[in-house]
Each structure stands twice: as structure tokens, then as C-alpha cells.
Amino acid sequence: MKKRLVLSLVLPTLLIMGCGSGGGSKDDKKQSVDSALKIGEVVYNAPQDIDFNNKTRLTLKRSKRAYKKINSDIQKETTACSAGGTFDYDEQSDGSIIGTYNTCVEYNNETGLYEYTNGTITISGDLERFAFYDYYYTPDYYNNSGTGDYYKDIKISIHSEGYITEMKIDGTYQEYQNGTPLETMVFSNLIMKENNQTNGVYFNGGFSDTIRCFNESHTYKTDENDWLIPNALNSNYFQSGTIFVDDIQYKYHGDMVTVRKGDRVGEFKQQDLIDELNRRRSGEDCDIY
């Protein structure tokens, strides 16, 4: 579920306030313009925009596959991968497991491709905590060995209680394409919650994203009493909810969002924000930013 929150034009009414017959003074006009939020001040990249939730679920799926592999070969601490390399594991006294992939290449029955894995993964005994260290994963090793994921040091915990599922992420993740980093994401104890009854989502913590010329780092805090609710007709929009990004408040209503920074305020269409962020994230000319 991607929601791209970006820039927009300032409300025309704010920009032309005081103009026309009988309008205010030049100072009034200047004050009205200065009080309106500018384009560059309201852009931010929301954590869910990266779709890391789906990537995380795929990672957890791979973790559980590793756990299943360990249980099926419980007598063997080192097992050979089907097309090359090995997988080693060590069970700890607390029930957790440390698994190490050594240039492991295996056939994936679901995709019909040979996947490559190298690095270390730890799995807690209750399957609620995972960590990846210097961990490479390539889904199509023989045809595209330079495209995949790299988890420098990612720690993930996931827990469900009642209607709430909570995930906490800390560490650095990179996506590679043709041998070069395409995108780098750094999570600083970022908490993501989802209410399975209301579909509300909650973010709290730090997050930075670098892709091409786009580079941003922010802290996020959703209003505890006003979680973000996705729009039922357009998953790119929030229907309602309030989130603070650094010192800026974003309050969603319908297809609009009201943005406040101190005494300054702006009203933006969510689609305008989406379009502007897409433009900036895909930009190749770094000199314009």
C-alpha cells in the first residue's frame, strides 16, 4: 500500500490576498505570501511509500523457510544448498537460531528461478524477532546476479495483540540494480502499527531514503488519537488522520491535506503531492535540488 506525500502549489487565495480594488498595503501582501508554506517546505517521503512492509513480509517468509529447513535437517548443523554453497546453523540456549548462508544457491519452486543468499540471519525461538547482518539476496542469480537486496544490519520485531499488529525496524537496507545501489533506506527504531479492525496505520521513529538525487531524513510521529486511515477508493490517499513529520503537522481530510508549520499553513491536494514526489524521486539532474 503506497501513499506518496509530496509537494504542491500554495493556495491561490493565500498568494493573492490583499490584491484588487481597495486591497491592503504592500506589507499586507508580503505578510500573506510569507505566511503561506512554500513547495520545498512540505515535501516528505512517508515510510510506507517505500513499500517496505511488503519487502519485510517477503524477508520474514524467507526467514521462516530457513527455520523450516533447519527443523527438517535437525541432525545436521551444515547442509548443502541444492545448486552450490552451504547453510550453517547454531541453536542457542534460549531457543534462538543463528543461520549463516555461505554463497548459497537454491532453486525456488515458486518462482522457477535460482536464488542466491549470502550472510547471517538470527531468528528468535518465538519467531517474533529477526536480524540480518551483511545479508545479500538475489532472486534471479543466473540471469541477473547484480539485482537484489542487501541488509547491512536490519533488526525486525513483529508482534500482534488483539486488533493491533506492531512492527519495529532498525538498520540499513539497500536495493541493488545491475550491480549498483538503486535505493538506500535507514530505519531508526521506526515503529509501524496497523489496526486490523479500522485499517488505521501509525508511524513513530526515524527514517531516511536516498534514491538517485532524492535524499531525505525525517522523524515521524502519528497522533495517538488520530491514526492515518487509508482511502477505501484510492489506496494512494489517506482519508483522515494526523502525522507530524519533524516540526510540520499534516492533517488529512478527503483528497486534501492541511499542513501547518508554526503559524504558517497551507492546503494541498494529495494528488498534487503524489505527482511532485514522483517527479523528484525519478529526477536525474541532481543540480536542480
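In which segment is the place of Ser282? Ser282 is found in the segment after helix 5 (270-281); helices (H or I, at least four residues) and strands (E, at least two) are DSSP runs, numbered from the N terminus. A word on conventions: this is a predicted model, in which local features need pLDDT of at least 70 and side-chain atom pairs count only at pLDDT 80 or more, while totals for chains, interfaces and linings use all residues. Residues are numbered from 1 along each chain as its sequence is written, and side-chain values use heavy atoms, with hydrogens and water left out.

To return to Ser282, its relative accessibility is 43%, so Ser282 counts as partly exposed. Here, buried means under 20% relative accessible area, exposed means over 50%, and partly exposed lies in between (1.4 Å probe, protein chains only). The C-alpha atom of Ser282 is 8.0 Å from that of Phe214, although the two residues are 68 apart along the chain.

I turn now to the disulfide. How many disulfides does a search of the whole structure find? The search finds one, where a disulfide is a pair of cysteine sulfur atoms within 2.5 Å. The partners are Cys81 and Cys104, with their sulfur atoms 2.0 Å apart. The link of Cys81 and Cys104 is left-handed, with -115° about the S-S bond. Because Cys81 lies in the loop between strand 1 (78-80) and strand 2 (86-91), and Cys104 in strand 3 (residues 97-108), the pair ties together parts that are 23 residues apart in sequence. Both Cys81 and Cys104 are buried.

Ser96 is placed in the loop between strand 2 and strand 3. With 16% relative accessibility, Ser96 counts as buried. Its side chain makes a polar contact with the side chain of Asp94, at 2.6 Å. A polar contact is a pair of N or O atoms within 3.5 Å; within protein, one must be able to donate a hydrogen and the other to accept it, and residues adjacent in sequence count only if both atoms are side-chain atoms.

Next, the strand pairing. Strand 5 (129-138) and strand 6 (148-161) pair in the antiparallel sense over eight bridges; two strands pair if DSSP finds at least two bridges between them. Across this pairing, Tyr133 stands opposite Asp153 in strand 6. Strand 6 is also joined to strand 7 (residues 164-177) by 13 bridges, and these two run antiparallel. Ile154 has Gly171 in strand 7 as its bridge partner. Strand 6 and strand 7 form a hairpin with two residues between them, and Gly162 in the turn has a positive phi of about 65°.

Which residues other than glycine have a positive phi? One of them is Leu127, with phi near 60°; another is Asn178, with phi near 55°. For context, most residues other than glycine have a negative phi. Leu127 lies in the loop between strand 4 (113-123) and strand 5, and is partly exposed, with a relative accessible area of 28%. Asn178, by contrast, is in the loop between strand 7 and strand 8 (180-195), and is exposed, with a relative accessible area of 60%.
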